[in-house]
Amino acid sequence: MLLLLATTALAQEAPYFVTYDHHLEEPGNLEVSIANTGGLARADQRTYFAPYIELEYGTKTWWTSELYLEWQSRLGDSAIFTGWRFENRFRPLSREHWINPVLYLEYENINEASRIQKEIVGNAREIGVPNAELRQTAAHELETKLILSSNTHNWNISENFIVEKNLSEEEGFEFGYSIGVSRPLATLASASNCRFCRENFVAGVELYGGLGSSLGFGLHDTAHYIAPVISWQVSDNSSIHFSPSIGITHGSDPLLIRFSYTYEVRDFGSKMASLFGRR
Amino acid sequence: MTMRIALTAAFLTILLVIAGVSENPDYKSDPNWQAPPEAAQKSNPLAKRPQLAGGGRKLFLRNCVECHGEDGRGLEKKHSANLHLPAVQAQSDGSLFWKISNGNLGRGMPSFSQIPEQQRWQIVLYLRTLDK
C-alpha cells in the first residue's frame with residue numbers, strides 16, 4: 001500500500017548516521033528507512049548485526065517524530081528484538097541563522113542487547129555476555145540532545161551534545177557527542193535525470209563518542225569513532241547511505257559498518273486521513 | 001511497573017497529539033514573511049546562464065511540486081501559493097532565494113537551506129520561466 005501512495009520528493013539530506021542536522025522531515029511526509037549496524041567485535045567477542053527500521057514523520061515544519069524498531073544478532077548466538085525508541089525533534093527558531101538549534105527528546109524502551117549505536121554515551125560497554133542474558137535487563141531511558149547545525153558555502157557542519165538517563169538503573173546521567181561535516185560532490189544540478197551524476201552524492205565525515213557520566217565525567221574507558229559517510233540519492237524518493245566507522249579507542253569496536261536504504265512517502269498524513277474519511 | 005505504565009500512557013498521549021495537529025492551517029499570504037533588504041537586493045549569480053533553468057526545473061519537481069503542484073499554480077489542499085501570480089513574480093530574485101532558503105515554518109513552508117546555494121539559485125531561474 002505504501003508503494004501505491006508514494007510519489008516523488010526527497011530533499012537532499014545529510015549523509016550522517018549518528019549526527020543530526022537542523023533539517024526536519026517535511027510536514028505530512030513519512031520516511032521509511034531500513035538500516036543495519038554491523039560490528040566487527042574485539043578479539044575475544046563476537047561479530048554482530050543490528051538491523052533497525054526508522055519511521056520518520058513530519059508532524060509540522062518545526063516538529064518531526066520518529067519511531068525506531070531494532071533487533072540484534074550475533075554470530076554463534078541468538079537473534080532477538082532489542083526494543084523501540086520514540087523521538088521528537090523541535091526547531092525553536094523560525095529562520096535560518098548562522099547556527100541553527102534543534103531540541104531532541106527521546107524515550108527508549110530497549111534492553112542491554114541493543115547494538116544499533118545511534119548514539120554513543122557514557123563508558124564503553126562489555127558485550128561478551130550472551131544475548132539470552134542481556135535481553136533480561138531492560139533499559140528505559142530518556143535521552144536529550146542539543147543539535148546545532150550550520151550550512152555555509154555548501155558545507156553542513158553539525159554538532160550534537162547528548163545527555164541520557166537510564167530510568168531502570170542508577171547510572172547517573174551519561175554524556176556523549178557527535179560532530180559531522182558534509183558537502184555535496186556537485187553544487188549545480190543538470191537538467192537530465194541522471195542517477196550517477198555527482199550532484200546525487202553527498203560525502204562527509206562524522207566523529208562521535210562517549211564522555212562518561214555524572215559519576216565519572218571524561219574520556220577514560222570510553223568509545224569513540226571516526227566515520228567517513230556517503231549518501232547517494234538513487235531516485236527522487238529514495239537514497240542509500242553507507243559508512244564504515246573506525247574505532248579509535250580501546251573501548252571501541254574496531255569497525256562498524258553502517259548501511260541504510262531510505263524511501264520517502266509523500267503526503268502520507270493526508271492520504272491516511274482521507275483513508276479514514278477525513279478531508 | 002508504575003513508571004512503565006506512566007511512560008506508555010505518555011507515549012500514547014504524544015501520538016494522539018501528533019494525530020490531532022498534523023493538519024496544515026488554511027494558507028493566507030503572510031505579510032510578515034519578507035526578506036530583509038540586504039537579502040532582497042542580491043542578484044542571481046546564474047542570471048546570465050538561463051540554460052541552467054532546466055536543472056532548476058528538476059529541483060523544483062523534486063522539492064517543491066508536493067505543495068506548489070507540477071505547474072507551480074499551488075494546491076488547494078496544501079493552501080500553497082500560486083507561483084505564477086504577480087505577487088510572487090514581482091519579488092526580486094534575492095527575495096525568492098531568501099524565502100526558499102529560510103522557509104516560513106509557522107505557515108507550513110519548510111526551509112530548503114540543505115540544497116546547495118547554486119541549486120537554490122537554479123530554482124529561482126526556473127521560477128522566472130513560469131512567468132513566460
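This is a predicted model: local features need pLDDT of at least 70, side-chain atom pairs count only at pLDDT 80 or more; totals for chains, interfaces and linings use all residues.
A:F161 stands opposite A:Y177 in strand β8(A). Strand β7(A) covers residues 155-166, and strand β8(A) covers residues 173-184. They pair in the antiparallel sense, over ten bridges.

Now follow the chain from β7(A) to β8(A). The two strands form a hairpin, with six residues between them. A:G172 takes a positive phi there, near 70 degrees.

Strand β8(A) has another partner too. Ten bridges join β8(A) to strand β9(A), residues 201-213. These two strands also run antiparallel. Look for A:V181 to find one of the bridges: its partner in β9(A) is A:V205.

Next, move to chain B and find helix α6(B), residues 93-102. Nine of its ten residues are buried, so the helix is largely enclosed by the rest of the structure. A residue counts as buried here if 20 or more other C-beta atoms lie within 10 Å of its own. The buried residues of α6(B) include B:F97, B:W98 and B:I100. B:D93 and B:K99 are also among them. What do the buried residues of α6(B) pack against? They pack against two helices of chain B: α2, residues 37-40, and α7, residues 117-129. After α6(B) comes B:G103, whose phi is positive, near 65 degrees.

B:F97 leads on to the largest nonpolar core, which has 22 residues. B:F97 is one of the residues that touch the most other members, along with B:I123, B:V124, B:L125, B:Y126 and B:L127. Helices α3 (53-63), α6 and α7 of chain B each supply at least two residues of this core. Which helix gives the most? It is α7(B), with six residues. Take B:L125 as an example. Leaving aside residues up to four places away in sequence, B:L125 touches B:N44, B:L46, B:P50, B:L52, B:A53 and B:G56. There is also a second, separate core of 17 residues. Among its members are A:V18, A:V202, A:Y208 and A:L211.

Last, see where the chains meet. In all, 38 residues of chain A are in contact with 36 residues of chain B. On the chain A side, the elements that give two or more residues are β2 (48-60), β6 (138-152) and α3 (268-275). By class, that side has twelve nonpolar, 17 polar and nine charged residues.

Conventions:
Residues are numbered from 1 along each chain as its sequence is written. Chains are lettered from A and ligands numbered from 1 in the order in which they are written. A residue is buried if 20 or more other C-beta atoms lie within 10 Å of its own, exposed if 12 or fewer, and partly exposed in between; C-beta atoms are placed from the backbone. Helices (H or I, at least four residues) and strands (E, at least two) are DSSP runs, numbered from the N terminus. Two residues are in contact if their C-beta atoms, placed from the backbone, lie within 7 Å. Ala, Val, Leu, Ile, Met, Phe, Trp, Tyr, Cys and Pro count as nonpolar, Asp, Glu, Lys and Arg as charged, and the others, Gly among them, as polar. A nonpolar core is a set of buried Ala, Val, Leu, Ile, Met, Phe, Trp, Tyr and Cys residues joined through C-beta atoms within 7 Å. Two strands pair if DSSP finds at least two bridges between them.
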